[in-house]
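The briefing covers the cavities and the ligand.

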Amino acid sequence: MPTFRPPPIAPSEITPPEVHAARRRFSAGMALGLLGAALPAVANQETRRRFDAVIPGRYPPLEDKPTSYKDVTTYGNFYEFGPDKDSPVRNAHRLRVRPWTVAVEGEVKTPRIFDIEDILRWAPLEERIYRFRCVEGWSAIIPWVGFPLAELIRRSEPTGNARFVEFWTLADPEQMPYVRVPFLDWPYIEALRIDEAMHPLALLAVGMYGEHMPKQNGAPLRVVVPWKYGFKGAKSIVKVRFVEQQPPTVWTKAAPDEYGFYSNVNPDVPHKRWSQSHERRLGEFFKRKTLPFNGYADQVASLYAGMDLRRNF
Ligand SMILES: Nc1nc2c(c(=O)[nH]1)N[C@H]1C(S)=C(S)[C@@H](COP(=O)(O)O)O[C@H]1N2
Ligand SMILES: [Mo]
């Protein structure tokens, strides 16, 4: 299998969202004019649904203004739906999010299957406004809806042998056209050390902007680990598996020298092909400095006490 290299986009080369949006409108107009076809983006809009009750979140406090809903839902990575930043919004309408279950396997007391409707009732839904940093150099401020990932870990009842947890995501070629193309080793599997997954900042996200998760952002549930690069947050999870040894992940398999297991946001450790020192917020023009642990060092640095974070990048 050829090793997949995501497009080597330097932050300076990322299309500003405005240009991107204009381009989309242009091609959308073409599609409508030539084919009279309904747009996937429109289909996604039609399924938008608000949660009845969300605890307005200010944990941890963050003054930054959230990025626009439009930017966050039209520019992203979901490679099962294609390689481009607008592939998710164009193609994710094909994802069926009900019925949906999450299997629990590996080092657990009893393997079992959770239903999404039950998961949604496990804990009060909170809004968490987090910084988001993609390894490619763009960032966003996203008001997620969810509850601590620790709740899922606790209810899974891992055994004393469990030291890592894998998140397996859907890989159905009927719904996800690009899983027929082997540029990643499907299914997309990411993993965390158990203590990382139990950290109160790690979120099991079921929505954003007060609404159920848009399909292109990983409906119906995904992981959000705000101090790590975005690719650690697996979308559309169907299985969690507890293991004893640090497992390979979709990205360490694709390019071990470019994507480490830990992938904590670190401006001092460049990616092999570009710097990580700065980032560009979607919707903004000037770059900002990237912060160690994406600004969450006070809360999470102790997880890595004594570790060489240049080696464990
Ligand atoms: N299943 C799955 N999860 C995924 C990805 C993916 O391709 N497939 N891409 C990751 C990457 S590289 C990023 S930056 C984030 C993007 O999330 P967003 O589109 O909600 O901003 O999702 C992550 N989770
Ligand atoms: Mo990413």
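The largest cavity has a volume of about 400 Å³. On a 1 Å grid over the protein atoms alone, a cavity is a set of points where a 1.4 Å probe fits but cannot get out. Volume is the space filled by probe spheres set on the points, which are joined across faces, edges and corners. This is a predicted model: local features need pLDDT of at least 70, side-chain atom pairs count only at pLDDT 80 or more, and totals for chains, interfaces and linings use all residues. Residues are numbered from 1 along each chain as written, ligands are numbered from 1 in written order, and side-chain values use heavy atoms without hydrogens or water.

**Largest cavity**
- Its lining has 32 residues (an atom within 4 Å of a point).
- Gly76, Asn77, Phe132, Gly230 and Lys235 lie nearest the centre of the largest cavity.
- Strand β4 (DSSP E run, at least two residues) gives the largest share of that lining, 4 residues.

**Ligand 1**
- Around ligand 1 are 17 residues (a heavy atom within 4 Å).
- A backbone N or O atom of Tyr79 is 2.7 Å from a ligand 1 oxygen.
- For Arg222, a side-chain N or O atom is 2.6 Å from an oxygen atom of ligand 1.
- A backbone N or O atom of Gly233 lies 2.8 Å from a ligand 1 nitrogen.

**Second largest cavity**
- The second largest cavity has a volume of about 90 Å³.
- Its lining has 15 residues, with Phe132 and Gly230 among the closest to its centre.

Definitions and conventions: Polar contact = N/O pair within 3.5 Å; in protein donor to acceptor, adjacent residues only side chain to side chain. 1 Å grid on protein atoms, 1.4 Å probe; cavity = no way out; pocket = protein on both sides within 12 Å on 5 of 7 lines; lining within 4 Å.
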